[in-house]
Amino acid sequence: MKFQPDKSDTKTITAYGPGWIAVDQEKLTHSIVLSSLGELRDWHCSRFEDLGAEHFAQLADFGVETIIFGSGQRLRFPPPAWLAPLMGKRLGVETMDTQAACRTYNILAGEGRKVLLAAVLEAAV
């Protein structure tokens with residue numbers, strides 16, 4: 001599926017598929033953290049099972065209001081203990097599969113919201 005917003009002043013997801021995401025036409029095949037404030041970083045995990053509390057703790061300092069967590073090819077929820085640093089800063093966290101997370105990120109970023117996408121990209125099988 002490919003989609004493009006009418007106009008955006010922030011980095012957007014321009015396409016995605018199993019095991020990859022394109023951010024502003026650049027195809028990425030590794031897990032990422034993408035901020036509507038302009039930051040794009042590698043997120044060091046290749047599958048949901050690689051995640052731990054430290055992965056979520058690092059998301060607390062991006063200066064956003066909402067975090068969209070893309071859990072991979074299927075919906076999986078992180079344990080509540082992993083989210084404690086985010087809840088402590090009163091950050092909203094929404095969990096969905098990575099493709100749904102991409103769509104949601106684009107909508108919120110396009111509205112000018114301060115949003116962060118933390119997306120697990122699993123190798124296509």
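A charge is said to sit over a ring if NZ of Lys or CZ of Arg is within 6 Å of the ring centre and within 35 degrees of the ring normal. Select Trp-20 and Lys-27: Lys-27 lies over the face of Trp-20, at 4.7 Å from the ring centre.

Before continuing, please note the conventions. This is a predicted model, in which local features need pLDDT of at least 70 and side-chain atom pairs count only at pLDDT 80 or more, while totals for chains, interfaces and linings use all residues. Residues are numbered from 1 along each chain as its sequence is written, and side-chain values use heavy atoms, with hydrogens and water left out.

**Aromatic rings**

Rings of Phe, Tyr and Trp (its six-membered ring) pair if their centres lie within 6.5 Å; planes under 30 degrees apart count as stacked, over 60 as edge-to-face and the rest as tilted. The structure holds 6 aromatic pairs. Select Trp-43 and Phe-69, an edge-to-face pair with 6.1 Å from centre to centre and 80° between the planes. Trp-43 lies in the loop between β5 (40–42) and α1 (53–57) and Phe-69 in strand β6 (residues 66–70), so the pair ties together parts that are 26 residues apart in sequence. Helices (H or I, at least four residues) and strands (E, at least two) are DSSP runs, numbered from the N terminus.

Trp-43 is buried at 2%, and Phe-69 is buried at 0%.

Next, select Thr-98 in helix α3 (residues 98–110). Thr-98 is buried, with a relative accessible area of 5%. Leaving aside neighbours within four places in sequence, Thr-98 is in contact (heavy atoms within 4.5 Å) with residues including Ile-21, Gly-70 and Leu-121.

**Salt bridges**

A salt bridge is a side-chain nitrogen of Lys or Arg within 4 Å of a carboxyl oxygen of Asp or Glu. A search of the whole structure finds 8 of them. Select Arg-41 and Glu-39, whose side chains meet at 2.5 Å, N to O. Arg-41 is partly exposed at 39%, and Glu-39 is partly exposed at 34%.

Finally, select Arg-47, Glu-49, Asp-50, Arg-76 and Glu-122, which are linked in a network of salt bridges.

Key: Buried < 20%, exposed > 50% of the residue type's maximum accessible area, 1.4 Å probe, protein only.
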